[in-house]
Amino acid sequence: MAIAQVVDLVKTYRMGAVEVHALRGVDLAINEGDYMAIMGPSGSGKSTFLNLLGCLDTPTRGSYFLGEQDVARLSDAQLSHIRCHRIGFIFQSYNLIQQLSVVENIEVPLYYQGRSAHESRLRATALAEQVGLADRATHRPHELSGGQQQRVAIARAMANDPFIILADEPTGNLDSATGTEILALLDSLSQQGKTIITVTHDEHVATSAHRVVRFGDGRIVSDT
Amino acid sequence: MLGFRVQRTVSMGLKSLWLHKLRAVLTALGIILGVTSVIVMLAVGEGASQAVQAQIRQLGSNNIILRSKKPPEDSSTASATTFALSYGLKYLDAERIKATVPQADVIVPARHIDSEYIVRYHHRVSGTVVGTVPWYTEVAKRTLSQGRFLTSLDMHRRATVCVLNGPIVRKLFPFHDPLGAVVKAGSSDYRVVGVLEGRNAAPGANGAASEGSGVEIYVPITTLQSRYGDTIFKRRSGQFQATQVELHRIIVRSPSLDEVVPISKAVEQILAYGHTKQDYEVVVPLQLLESAEETKRLTNLLLGSIAAISLLVGGIGIMNIMLATVTERTREIGIRRALGARRTDIIVQFLTETILLAAGGGLLGVALGVVLPHHVVTRFFDAPTIVTARPCILAFSVSVGVGLIFGIYPAYRAATMDPIEALRHE
Ligand SMILES: Nc1ncnc2c1ncn2[C@@H]1O[C@H](COP(=O)(O)OP(=O)(O)O)[C@@H](O)[C@H]1O
Ligand SMILES: [Mg+2]
């Protein structure tokens, strides 16, 4: 069953008189439990697509159904609500908040859900343990290695128990050994039944993903 | 639920400020100093004004004080070097006032002989001999520290008795009890029957209370009259000058505060009728009090505007730093937005920080403002200070308001950033 579906999705950036066509019409259905790898050359629109899926941005044209709801034309507050409850983000550069500790970073999505401090702390601690950072719970991001920081980011992405986890080149800043560890963590999430979409340049990922979608110049060129 | 949210927001704001403690304090410095200086200035103003009011009250709010004044010299009086220069209040003035304004209770005539030598054995001081009436103490609000004041019998008998004030006692009787002793003033001897208590230094305004601080000896006005006559001779720059002043002062007491001004008007008319020259002055302590209050109101207005400006400057300082903070934390804002923060959440976050900063500054300013006047101004500058609650509450509320107003724009800037752009920010 498709939990997310995009129809003829178009995103055009306007820079003065010049129009940049980042996405030229993308159709895709994402099923529950999918583990999808998005590949393609730089500038082919992968990040743009992921941001649209993550409700960080709205498309110029086309529809995006998340569950029953067309989220393509929602207000900023409504999009925030969807990000808060249904989306988990993992970024290439980790994007942890530097002044917060590991557990506090994991708690951020729960804060915006209005969960109680006690409940948030319990859940965040459990997640830190799950990604193997129980002993680092009170450390600050700058005291951690890149791989460890990305584990925190993964724990944070799972904190709100999202529909979809979106990862934009999660291993891009890591050496191959650490990258493999991170991918193993994503694999295990997928095995737990999470829906995961990850942008990657690593052909290796393609083997563990169920589906590989290749982008080229704002369009899907293959879907296997 | 709301309380819980507020608590979490505030604790998040405090945490964030705590991270840059020094910066926070420096940012709030404008507010701190603004609030402190307002409270200190108002405390000094209040202290001074209370002191002035107390001094004016000592003159008696019900009193109208008439004093003889040497008229401005003009050609008609230039020839007065050969004749006695006659000016000032007359016994007749006192009579007329008594007859015309019967509701005015007590009328105290007084006459001064200045620069007279007062002698006891080999101690000698120069002072003023004041001829007055028994009810002088009651009207002028003076109290006796020893003995009694002059009586009607003294008046009637033209008795050679006197009452001394504090300064003269200290000079003539450093070791002895003055009561019963005899002092010589001019050419007559007087027996001391009482000592007046000292009075605070006179307020500058018109020298209204100038008596009481110098060396003074009080004798029955009738005695003075018989000893000195109406004409006083004095050597001045080689020439003898004669002046004729019947009364130096008349105090008219109104039975109620409401009648002070009408009675003073009536008295002025009576005097204007009897005098061709402006050789007297009328001092109304109640009006002095009113003008002192008006002055205070104006001063407060001025201080208020200074306060407003300094808090404005403080607010601009805070806004400046908050704008820098927002830019510095662009990435954080992007992350929070991606993780589900609404624009409102971001606005609340930054607005809370700004308000906490301003309110903290205001609180610190109030604390300093409460402590400094007493422990620094009064102790080291010897100025009376009174800290009242009103400016403290006002200054604190204004600080919070400043935080709110100057926090809105930075918070708005933070909230309207594009999340994707913000996430890419280095
Ligand atoms: N904010 C933007 N403004 C203008 N052009 C943009 C913006 N974001 C992306 N683009 C353009 O859209 C295209 C797709 O970019 P992106 O989705 O980041 O590619 P990828 O992630 O596949 O490398 C690129 O040509 C890029 O320059
Ligand atoms: Mg990209």
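## From chain B to the aromatic rings

In this predicted model, 47% of the 426 residues of chain B count as buried, where buried means under 20% relative accessible area, exposed over 50%, and partly exposed in between, with a 1.4 Å probe and protein chains only. Residues are numbered from 1 along each chain as its sequence is written, and chains are lettered from A and ligands numbered from 1 in the order in which they are written. Local features need pLDDT of at least 70 and side-chain atom pairs pLDDT 80 or more, while totals for chains, interfaces and linings use all residues, and side-chain values use heavy atoms, leaving out hydrogens and water.

Chain B has 14 helices and 13 strands, taken as DSSP runs (H or I, at least four residues, for helices; E, at least two, for strands) numbered from the N terminus. Helix α2 of chain B (residues 21-58) holds Leu29(B), which counts as partly exposed because its relative accessibility is 35%.

The structure holds 6 aromatic pairs over all chains, a pair being rings of Phe, Tyr and Trp (its six-membered ring) with centres within 6.5 Å, stacked if the planes are under 30 degrees apart, edge-to-face if over 60 and tilted for the rest. One of them is the stacked pair of Phe89(A) and Phe91(A), at 5.5 Å centre to centre and 15 degrees between the planes; both residues are buried. In chain B, Tyr136(B), Phe149(B) and Tyr218(B) form one aromatic cluster.
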